[in-house]
Amino acid sequence: MTQLIDTFGRHIDYVRLSVTDRCDLRCVYCMPEGFNDYETPDHWLSFDEIERVIAVFGQLGVSRIRLTGGEPLVRKGVPELASRIAKLDGIDDLSLSTNAVQLNKHADALHNAGVSRINVSLDSLRADRFRAITKGKLEKVIAGLMAAKAAGLSPIKINMVVMKGINDDEVEDMVDFCIEHDFTLRFIETMPMGDTGLEASDRYVNLQDVRQRLEQRFDLIPGVMPGGGPARYVQVSGTEVRIGFITPISQHFCETCNRVRLSAEGTLYMCLGQNDKLELRPLLRHGISDEDLQTAILDAIARKPERHEFNDKPSQIVRFMSMTGG
Ligand code: SAM
Ligand code: SF4
């Protein structure tokens, strides 16, 4: 079978699929307050178009799909889309990234549709702070998380973007919360993703320092997490809980990058931190054959850049995470 191998020898087997650029929250690091310059829904790939593109990726050796956004659960019918994707040949791992605001309503349907595991953004366990960071209500997220656990989604991974002076004093509390609920925890360094109103460099926390701080309270043993990905993991001794550190800034992991991102309007981005892309929507709407679609994707993968340049050119990126598909 043809495989997606780029010019640096990396095997691309993972697509992050954004189903909408809209969101019901406004996280300070992701979208500017009041932002509503969204794509029109006409421009979103339809479920039929998405299914077709993912089927072609499956033929090219992609086996893992993550539904993301914006907030994926803002789009109607995501469980239905999930079940269509889960049935495609070659796709054996379907996951979801969500802010969990609406997860309470959808957890069972998602699990029944074939979503096995989820990542949930949670930057604070204090309702007032959570509101300040996201403009949302913490209690909804907690309800969503408990519904996901009851539905049998596993593992549930909590993603916490650590920001200096905003939530960096909560890292120990977040570990305790994850031990209590048996969630995996991942700390993420703040990346400069366009002018969101948050000065990412002022808020940046080096996660090596967070790890050293946690080691004063917890016994951390080097661990592994099945599935690879960019996080470096440790395990909290005496528990099943793993903690991952996602360090795009202090230690980039581009040499093992295995993914591309498909935005809601059908643009395939080769790298989160670069502008190389392939517009699939016009091709799909002008009747491209599956064979030509495969060739277009293979050509695009050949242009995947070696690495992001967040450190060398921090002002280069003008695309919010919600647009690329985080
Ligand atoms: N709405 C969903 C959510 O929040 O999980 C999925 C999309 S969101 C863009 C995916 C992830 O990107 C979240 O974990 C979020 O914290 C992270 N993210 C967004 N902007 C970021 C930034 N500037 N730096 C680091 N992480 C960021
Ligand atoms: Fe929405 Fe997720 Fe971006 Fe927060 S990080 S604004 S929840 S898309």
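**Helix α10 in its setting**

Of the contacts in the protein chain between residues at least 6 apart in sequence, 73% link residues at least 24 apart. The model is predicted. Its protein chain has 11 helices and 12 strands. Its radius of gyration is 19 Å, close to the 20 Å that the globule rule gives for 326 residues, so the protein chain is as compact as a globular protein of that length. Along the principal axes, the C-alpha atoms of the protein chain fill a box of roughly 55 × 45 × 40 Å. Buried residues make up 58% of the 326.

Helix α10 covers residues 290–301. At 1.5 Å a residue, its 12 residues should span 16 Å, and the C-alpha atoms at its ends are 16 Å apart, which agrees. The buried residues in α10 are Leu-293, Ala-296, Ile-297, Ala-300 and Ile-301. Viewed down the helix axis, the buried residues of α10 fall within an arc of 135°, so they line one face of the helix. The elements that cover them include helix α1 (47–59) and helix α9 (281–285), together with strands β10 (259–262) and β12 (277–279).

Ligand 2 is a separate matter. The residues surrounding it are Cys-23, Leu-25, Cys-27, Cys-30, Gly-70 and Asn-99. Sorted by class, this shell holds 4 nonpolar and 2 polar residues, with no charged residues.

Conventions. Residues are numbered from 1 along each chain as its sequence is written. Chains are lettered from A and ligands numbered from 1 in the order in which they are written. This is a predicted model: local features need pLDDT of at least 70, side-chain atom pairs count only at pLDDT 80 or more; totals for chains, interfaces and linings use all residues. Side-chain values use heavy atoms; hydrogens and water are left out. Helices (H or I, at least four residues) and strands (E, at least two) are DSSP runs, numbered from the N terminus. The expected span of a helix is 1.5 Å times one less than its number of residues. Buried means under 20% relative accessible area, exposed over 50%, partly exposed in between (1.4 Å probe, protein chains only). The arc is that of the directions from the helix axis to the C-beta atoms. Contact means heavy atoms within 4.5 Å. A residue is near a molecule or strand if one of its heavy atoms lies within 4 Å of it. Ala, Val, Leu, Ile, Met, Phe, Trp, Tyr, Cys and Pro count as nonpolar, Asp, Glu, Lys and Arg as charged, and the others, Gly among them, as polar. The radius of gyration is taken over C-alpha atoms; the globule rule is 2.2 Å times the number of residues to the power 0.38.
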